[in-house]
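The stops below go from the whole chain down to single residues.

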Amino acid sequence: MRKPKLTQYKDYETRVVFEVMASYQVQVIFTNDLFKSATRLGSKPSEEADAFCFNVKGERRSYIFLKLNAPESVVAHECWHIVHQVMAYCGVVDMDSEIVAYHLGHLVEKVYDFKKAIRAGKAKK
């Protein structure tokens, strides 16, 4: 993984692609300011949000916004929303638990790999 760099929104962003699911794209954003980061979409989370997802209507793309200190439970919760959206976009009606678990595990692993890369980059400074 390349060294994460701050975006113009002062957050970190990477892309996860589900190649076997219509190449559905997920933009993963870690931030200290959910509201500032959400301005890229013209959307905003609720005031009490710890994280949120945004699905681009009619496109095979979603966003997941997480605080840099997001606990495992929040990461898993938001990743579930994304996996559910990926399945719905691809027309999956019967969400076999093993297929869902595989894709959820894949996304959670990618999110954590990115989070670790951000931490490693900050530690070197």
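What share of the contacts in the chain with a separation of 6 or more comes from residues 24 or more positions apart? Such residues account for 58% of those contacts, where contact means heavy atoms within 4.5 Å.

This is a predicted model, in which local features need pLDDT of at least 70 and side-chain atom pairs count only at pLDDT 80 or more, while totals for chains, interfaces and linings use all residues. Residues are numbered from 1 along each chain as its sequence is written, and side-chain values use heavy atoms, with hydrogens and water left out.

**Whole chain**

Select the chain and colour by secondary structure. Three helices and four strands are present, in the order β-β-α-β-β-α-α from the N terminus. Helices (H or I, at least four residues) and strands (E, at least two) are DSSP runs, numbered from the N terminus. The C-alpha trace spans about 45 × 30 × 25 Å along its principal axes. The radius of gyration, taken over C-alpha atoms, is 14 Å; this agrees with the value near 14 Å for a compact globule of 125 residues, by the rule of 2.2 Å times the number of residues to the power 0.38.

Switch to a surface. The chain exposes about 7,600 Å², and carbon and sulfur atoms supply 50% of that area (Shrake-Rupley method, 1.4 Å probe; for residues, only the protein chains shown count as cover). Buried residues make up 38% of the 125; buried means under 20% relative accessible area, exposed over 50%, and partly exposed in between (1.4 Å probe, protein chains only).

Next select residues 12–18 (β1) and 24–31 (β2). The two strands run antiparallel and are joined by seven bridges; strands pair if DSSP finds at least two bridges between them.

Now move to the five residues between the strands. Ala22 has a positive phi of about 60° although it is not a glycine, and Ser23, in the loop between β1 and β2, has a positive phi near 55°. Ala22 is partly exposed at 40% relative accessible area, and Ser23 is partly exposed at 29%.

**Thr31**

Finish at Thr31 in strand β2. Is Thr31 buried or exposed? Its relative accessibility is 2%, so Thr31 counts as buried. Then display the distance from the Thr31 side chain to the backbone nitrogen of Asp33, which is 2.9 Å.

Technical notes
A polar contact is a pair of N or O atoms within 3.5 Å; within protein, one must be able to donate a hydrogen and the other to accept it, and residues adjacent in sequence count only if both atoms are side-chain atoms.
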